[in-house]
Amino acid sequence: MMTVQVPMWSTAADGELQFYREMGIEAVSVMFREDDWDYDSVCRLQERMARFGLRITDGGSVSVFKNPVIHLGLEGRDAQIHRYNQFTTVMGRCGIPVCSLAWQPDGAVRSYKKVGKYTRGSVSGIVDMEEIASRKPSHGRVFSQEEIWYNFKYFLDRTLPVCEKAGVKMALHPNDPPAACVMG
């Protein structure tokens, strides 16, 4: 059975939840603000969504899943991985089966927003790889593929056991745009 899912923030107003329900949506992917992912806050959000016939099917928090300290192996990495594991544990306790992870030290990199050739008249984020390639390294230097893969393995070795214990799957969104090197 196919389920239509929409993304939303943990701060969504009731009007937004009602609008989703009116469209026939039942499943939502929630991006949790830092202050909204403790156990009690997540439970309250689930209860509020249930009043609109919505359920959280996966969750993420930018502060823990788009974290350059983790991705680049910077000082404080273990503390940030611990925070990711805390988030995963809360998702598991609340019965949210999937945690998001975006391996993007600089977020989703775009050149500009405008109407493009394939945007059907809508303004969208546009990637101009030549423009992006001309940018300086965002973190002071270029990181090798070996470093990035090592950091990814380091992260997985410390998070997958927590995911398994919590009964949560990890959904990975890789580097965006998908290029061998983006801003270093």
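Residues are numbered from 1 along each chain as its sequence is written. Since the model is predicted, local features need pLDDT of at least 70 and side-chain atom pairs count only at pLDDT 80 or more, while totals for chains, interfaces and linings use all residues; side-chain values use heavy atoms, with hydrogens and water left out.

Let us begin with strand β2 (27-31). Helices (H or I, at least four residues) and strands (E, at least two) are DSSP runs, numbered from the N terminus. Five of the five residues of β2 are buried, so the strand is largely enclosed by the rest of the structure. Here buried means under 20% relative accessible area, exposed means over 50%, and partly exposed is in between, with a 1.4 Å probe and protein chains only. In a regular strand the side chains alternate between the two faces of the sheet. In β2, A27, S29 and M31 point one way, V28 and V30 point the other way, and all are buried.

Now look to the neighbours of β2. Strands count as paired if DSSP finds at least two bridges between them. β1 and β2 run parallel and are joined by five bridges, with M8 partnered by V30 in β2. β2 also pairs with β3 in the parallel sense, again over five bridges, and S29 stands opposite D58 in β3. From β2 the chain crosses through α2 to β3, and this β-α-β crossover is right-handed. The term right-handed means that, with the strands pointing away from the viewer, the path from the first strand over the helix to the second runs clockwise. β1, α1 and β2 make a right-handed β-α-β unit as well.

Helix α2 deserves a stop of its own. Its 12 residues should span 16 Å at 1.5 Å a residue, and its end C-alpha atoms are 16 Å apart, which agrees; the expected span is 1.5 Å times one less than the number of residues. The buried residues of α2 are S41, V42, C43, L45, R48 and M49. These buried residues pack against β1, α1, β2, β3 and α5, where contact means heavy atoms within 4.5 Å.

M49 leads us on to the largest nonpolar core. Such a core is a set of buried Ala, Val, Leu, Ile, Met, Phe, Trp, Tyr and Cys residues joined through side-chain atoms within 4.5 Å. Of its 38 residues, F32, M49 and M91 touch the most other members. Among the elements that give two or more residues to this core are β1, β2, α2 and α7. Not counting residues up to four places away in sequence, M91 touches F32, V42, G59, I96, C99 and V168.

Finally, the charged pairs. A salt bridge is a side-chain nitrogen of Lys or Arg within 4 Å of a carboxyl oxygen of Asp or Glu, and by this rule there are six. In one of them R48 pairs with D14, the closest N and O atoms being 2.5 Å apart. R48 lies in α2 and D14 in α1, so the pair ties together parts that are 34 residues apart in sequence. R48 is buried at 17% relative accessible area, whereas D14 is partly exposed at 38%. D36 and R33 form another salt bridge, with 3.1 Å between the closest N and O atoms; D36 is buried at 16%, and R33 is partly exposed at 38%. E147 and R141 also meet in a salt bridge, at 2.7 Å from N to O.
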